[in-house]
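User: Hi! Could you walk me through a few details of this protein, starting with the terms you use?

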Amino acid sequence: MIIYQVYPRSFQDSNNDGIGDLAGIEQKLAYIKSLGVDAIWISPFFKSPMKDFGYDVSDYRAVDPIFGTMDDFKSLMRRAKALKLGIIVDMVISHTSEEHAWFKQSRAKENNKSDWYLWADPKPDGSPPNNWVSVFGGPAWRWDAERRQYYFHSFFSSQPDLNMHNPDVQAAVLKEMDFWLDMGVSGFRFDACNHIFQDQLLRNNPPRQDTSAALHPYGFQLHVYDQARPEMDAFLEKIRKLLDAYGAFSLAEVGGHDALKLMGQYTRPGRLHSAYSFALMQPDSSAPYVRNVITTLEESIKAPGSPCYALSNHDKPRVASRWLNGRDPEQNAKHALALLFAMRGDICLYQGEELGLPQADVPFERIQDPFGKTFWPKFKGRDGCRTPMPWTAAPHGGFSQAEPWLPVDNVHIEMNVEKQDAERDSILNFAREMIALRKSRPEFSQGGITLLDAPDGVLAFSREHEGSEIVCLFNMDVVEKKVAPVDVGTVIMSRNMSVDARTVVLGVSGFCFLQG
């Protein structure tokens, strides 16, 4: 499956309030369909105080007014169905907003919800119950004066973690999914899957030996007790049973320590269909690193489970900048798209990635992300990958007639959809070409993958299906590379590549697909 991720705040503003909305997504469905993708994953649009821009849900069954109404969502669903596009809803079930009715009742010990969240008594000296820290910095425990206890939060303190050990909480979460499945959604992307369960004994996390890359104290611990707990497996089987009753799809976001192996655990038979991690959203784009990611996923995820490859999303710097390394931006963007769509499994394409958009430069005074405000300038937050889509050369890139919630980068406006749509060899039209190729060749869409020996700096693998093989060669270095001997056969697609006898010459950002 090829999934197009829409970050609704930044896709299209239909009512000119500076914030994207569901009606805006519906206006652009024909564009999404023109890419050739199968489904749209929409980041959270539920009712929320927006302290983490929708990933702090206060009501799973309501559309937040900034995104429109439930009627807008139903209209979007009807239009998507007519275009044969699936709609995947982003379910945030590790935590809620502190404004959710469940948390208010849990805080007040009402309606048998006292232990619906992870509450704990202080130590005798009043300090938190253990050493767990938050992903976003600082302690992971917040004192609540009403209950005279601490509650646990993996992320912001306004996002208390649910106590998923409680069977009533699991049942309630499944009912929230059932609500959307009854409405006809194609499935769910599950946010922060590794954070859904914590150790019931609240044991301290051990220290990490190498803390040189740590942005803040979270990186000083090995997170063996506050995430990735074994109880997750049985809960995933409950989710899968519900999904199978509707023929729905599931995609896990998996982070944390040893995420690639955890992806395998979460996609075993009877659990989720697919999973992705942040492994290829790192700065390292070297051939050995990417090769190791593929190797580990192939060892971890067995059929019928499937890896999902993603190079960008709403949380990480855009791949067009992250993997640039001095290369030509357009050629580098096409190279990344070719690699993405040559992979085995499901694919996630983040809005604007098909345009080759670089990471936007958002000045400090316009930063919205509290994570970025806290750790500026060492870490500039997540706003640089969340700026509005550039549709035209009009003010604000045609996203809105009002000043957008985040500024549209001038570089992005130069790379707008309308302009690229009209240019035959644009990054946008190359993305469409790659998606069409993937869909037309079962070696890519259904086949297995085998890593091949290659010179340093070259990533080589074959995709095989029913006796037919496509050899894929990618120059991951910043200098020309030669691969020999090669039985070239038919060149299906290439960029910055030439052939001299049985030698393939790959220029910078060069790649080729060869029919054996």
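Analyst: Happy to! Buried means under 20% relative accessible area, and exposed means over 50%. Please keep in mind that this is a predicted model.

User: Is Cys512 buried or exposed?

Analyst: The cut-off for buried is under 20% relative accessible area. Cys512 has a relative accessible area of 0%, so this residue is buried.

User: Which cysteine has the sulfur nearest to that of Cys512, and how far away is it?

Analyst: A disulfide would need two cysteine sulfur atoms within 2.5 Å. Cys512 is in no disulfide. Its nearest cysteine sulfur belongs to Cys472, at 8.3 Å.

User: How many disulfides are there by this rule?

Analyst: Cys193 is another cysteine to look at: the nearest cysteine sulfur, that of Cys308, is 12 Å away, and Cys193 is in no disulfide. With sulfur pairs needing to lie within 2.5 Å, the count of disulfides comes to zero.

User: In the open sheet of three strands, which are the edge strands?

Analyst: The strand order is E6-E8-E7, with antiparallel pairing. Four bridges join E7 to E8 (residues 149–152), and Trp141 has Phe152 in E8 as its bridge partner. Strands that each pair on one side only are the edge strands, here E6 (119–120) and E7 (141–144).

How values were computed. Residues numbered from 1 in each chain as written. Predicted model: local features only at pLDDT ≥ 70, side-chain atom pairs only at ≥ 80, totals over all residues. Heavy atoms only, no water. Pairing = 2+ DSSP bridges. Helix = DSSP H or I, 4+ residues; strand = E, 2+ residues; numbered from the N terminus. Buried < 20%, exposed > 50% of the residue type's maximum accessible area, 1.4 Å probe, protein only.
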